[in-house]
Amino acid sequence: MNQQNMGESMHGTFRLRRSVLTVPANKDKMVAKALQRGADQVMLDLEDSVPPGEKKGAREIAARSFPELAWGSVTRCLRINGMDTPFAYRDLVDVVERAGEHIDTVVVPKACSGAQIEAVAMLLDQIEANTGQAGGIGLEAIVEDAQGMLRVEEIAMASSRLEALVFGVADYGASLRMPSRGASGHGEEDPDYPGHKWHYPLSRLLMAARAAGLQAIDAPYGDYGDPEGLERSCRMSAALGYDGKWAVHPDQIETVNRVFTPDESDYERCRRILEAFEHARTRGEGVISLDGEMVDAASIRVAREVCAKWERIREKQRPDPGT
């Protein structure tokens, strides 16, 4: 069972995931440009955006891109094909054997059971042992159908490599046979439904992620020509407690990063909470208060996450001394 702290990887390192930009791995020029767009994480995709006949070539480009391109502070991510396809094992073997020490996370799409996550983790163990790599590749699981949502708690607890759960809204809606309202994903209003029809799956996935100490990342907003809809969609998931959101177009990154960046006032309060906690701990005091209010354990955990996120954002914004 996964016992890591909220927002931390298997090594205790906080990975910034306000924005995740997906790019087809078979488009080498797009891959290079994606790293300059300001996303916290860039995901080289071997799945939906790559036709079956181009999978092999896409693996070759990915295996070269991870070690050769200047990634800087961008989290390096690879999305493999689904575990129910004939492509997934070759995705891992062909790319990770050559470039595993330059990959931060592997995304497992259409996750529908904990066994799938365990299988990917075991294969990574074997590849790292065989090649002598240091190891440490994290996993992210996309929950995007009814079966996966039914087992989301099992998926969340499946491996200590797991760092994040991702909500796949389009395929999830299709698996429930919801009428299609376009490619936007959640955020748009549905005239036939009086509430927010994605609230339940978003909340359930978030709850499973937090219980397992994982980050929760929202689905992309597909209509990149609708900035108001994107803003609304970001604010909905941020209000629930999500850590970030996928982007399908570089023009979406600025909005996504802004909405999922903590306010400075929130950071200052969280910093003061941690200072009060440390002060009380060094004095052997069991009760912590700030501004006349009691501070509980949950508040301390949230404060740690907000401060870690804030510091990583500031670190990313500092000029590179080598430039």
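How close do the axes of α3 and α4 come, and at what angle do they cross? They come within 10 Å and cross at roughly 30°; the legends below take this pair and its surroundings one view at a time.

**View 1. The whole model and its confidence.** This is a predicted model, where local features need pLDDT of at least 70 and side-chain atom pairs count only at pLDDT 80 or more, while totals for chains, interfaces and linings use all residues. Residues are numbered from 1 along each chain as its sequence is written, and side-chain values use heavy atoms, with hydrogens and water left out. The average pLDDT (the predictor's confidence in each residue, from 0 to 100) is 87, and 87% of the residues score at least 70. Over residues 1-11 pLDDT stays under 50. That stretch still has 35 contacts (heavy atoms within 4.5 Å) beyond four places in sequence.

View 2. Eight strands form a closed barrel in the order β1-β2-β3-β4-β5-β6-β7-β8, with parallel pairing. Strands are DSSP runs of E, at least two residues, and helices are runs of H or I, at least four, numbered from the N terminus; two strands pair if DSSP finds at least two bridges between them. From one strand to the next, the twist averages 25°. β1 (residues 19-24) and β8 (residues 244-247) run parallel and share three bridges. Look for serine 19, which sits opposite lysine 245 in β8.

**View 3. Helix α4 over the strands.** α4 (residues 114-131) lies across β4 (105-108), β5 (138-143) and β6 (162-167). It runs at about 155° to β5. Axes are lines fitted to C-alpha atoms, for helices over the stretch in contact, and angles run from 0 to 180 degrees between N-to-C directions.

**View 4. α3 against α4.** On the α3 side, the contact is made by Tyr89, Leu92, Val93, Val96 and Glu97; α4 brings Val120, Leu123, Leu124, Ile127, Asn130 and Thr131.

**View 5. α2 against α3.** The axes of α2 (residues 55-68) and α3 (residues 88-99) come within 9 Å and cross at roughly 30°, so these two helices are roughly parallel to each other. Among the residues that meet are Arg59, Glu60 and Arg64 in α2 and Arg90, Asp91, Asp94 and Arg98 in α3.

Technical notes
Angles under 35 degrees count as roughly parallel, over 145 as roughly antiparallel, 65 to 115 as roughly perpendicular and the rest as oblique.
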